[in-house]
Amino acid sequence: MTFRLYPNKQTQQSLRYHQKLHKDLYNAAVNNRFTQYQKFNHKVDYFEQQNCLPAFKEVWTEYKEINSQALQATLKRVDFAFERWFKGLGKRPRFKSIRHYSGWTYPAKTGYSVESNGENGYLNLSKIGRIQMRGKAKYWGKPTTCTIVYRNGKWYASITVDVLDQALKPEVLPTGAIGIDFGCKSALSITDGENHQQIDAPKFLRNAEQKIKKVSKEKRRKRAPNRNKKVKASRRWKQAQAQVSKLTRQVANQRQNWVHQVAAEIISSNSFVATEKLEVKNMTSKAKKGQRKKQKAGLNKSILDLGFGMLRSTIKYKVEQIGGVFVEVPTKKVKPSQTCPKCGHQHKKTLNIRVHECGVCGYIQDRDIAAAEVMLYWSKGTLPGLGTNLVDAESPSSTSYTRKQAGSMKQLGTKKRQKSVEVSASNELRDVETHSSGGANYG
Ligand SMILES: [Zn+2]
């Protein structure tokens, strides 16, 4: 949740001063990494820099009054920038000017305190002071991290809260079980086996790409800054740039609201959700081959995919939060779009065929709804045909997955995409595992 901050003159000065110190530390850490490597062929890592902090503070005493965890968080930013660069995901880290330095983070519960019930209030920052903040959080709990952001001349505090602490677990778990198919025609195709519903991506999400594209195009006609040629940006370029970032932010906010609305509605009556294992590249239409491919992919990624990805992960989060079950169906094995939900007959459909029409039992249904049905039935163990007739006592792959899942939180992130079935701790777990192995056999 992001709150706008309204510092007075004195706290504003303090904020700027802290921002400068964090910026200087950031640049020093970047410099340290480069020079150590160039002169001594030594790769400095995060821990080495963190261990240097006490000595650093002896020399640069002004850092003594800054929260040490916040300083560590700034070193982590450097580490993150280098990691991204090493992995080819980001540019070579550079020194940052104060104008391009976004802020700093209090990664734990020290260095700041929040006086708020989720709507407006005050933020207390140690050595800076009490600052009025405005904004309204959809969910509120104990603050866990706080990031101070300076953007376009305004100050913000982005506060994450521990919602789980006071998670409003419903007294009676909603009994609904649904299958969801994420697609590009309709954002969501939902079914409980009897009732079907399709939800489209809202207009703003579909229009945003065009709008941003148009404004970006106008920006490209203006004089952009060029550090190497010492060209400064024109006033018009800056205006266009401001417009682009404003639009992007608007879309992000609207998208987040939409995602929360849809997810909240889903968990209000369902606690069992089956959906496909995430395959991002299937979700937006493929760009034509050629030079524009990369550009198009970038835009798609930023707007539509982000929306679907967020929607999916928000549903997952909320379902698990109320103690429900979120099943990821391995689509390569189950083939939801090529299987008849009523009789289990498999028949290959090309993408342009939007209706499922079974040649064996005659069942006719929208393609995406049928796929959602297949995933729901498969997860519940009621999919007719090959999938459920196979009894397989041993399920080596899926049991090992669950053990790993329980083992380490850190591994979770990397394992997530590999897992064929992902469920939260529940009795249904065992059912799902057996089906997963059944699926493996016929797939
Ligand atoms: Zn059929």
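Predicted model: local features only at pLDDT ≥ 70, side-chain atom pairs only at ≥ 80, totals over all residues.

Start with the spacing of the donor residues of the zinc ion, which in sequence reads C-x2-C-x14-C-x2-C.

Which residues coordinate the zinc ion? They are Cys340, Cys343, Cys358 and Cys361, each through its SG atom, at 2.2 to 2.3 Å. The arrangement is tetrahedral because the four donor atoms subtend angles of 105 to 115° around the zinc ion.

Is Cys358 buried or exposed? Its relative accessibility is 6%, so Cys358 counts as buried. Cys343 has 22% and therefore counts as partly exposed; the cut-off for buried is under 20%.

Now to the sheet. Five strands form an open sheet with mixed pairing, in the order β10-β9-β8-β11-β12. The edges are β10 (196-199) and β12 (325-329); each has a single partner strand, so one side of each is left without a neighbour in the sheet. On average, neighbouring strands are turned by 20° against each other, direction ignored.

Ile190 stands opposite Gln197 in β10.

Last, the helices. Helix α5 (residues 235-269) packs on the sheet and touches β8 (176-182), β9, β10 and β11 (270-276), its direction making about 120° with that of β11. Helix α8 (residues 367-380) lies across β8, β9, β10, β11 and β12, and runs at about 135° to β8.

Note on methods: Residues numbered from 1 in each chain as written. Heavy atoms only, no water. Donors = N, O, S within 2.8 Å, 3.2 Å for Na, K, Ca; no water. Tetrahedral: all angles 85-135°; square planar, octahedral: opposite > 155°, others 65-115°. Buried < 20%, exposed > 50% of the residue type's maximum accessible area, 1.4 Å probe, protein only. Pairing = 2+ DSSP bridges. Helix = DSSP H or I, 4+ residues; strand = E, 2+ residues; numbered from the N terminus. Axes fitted to C-alpha atoms, helices over the stretch in contact; angles between N-to-C directions. Contact = heavy atoms within 4.5 Å.
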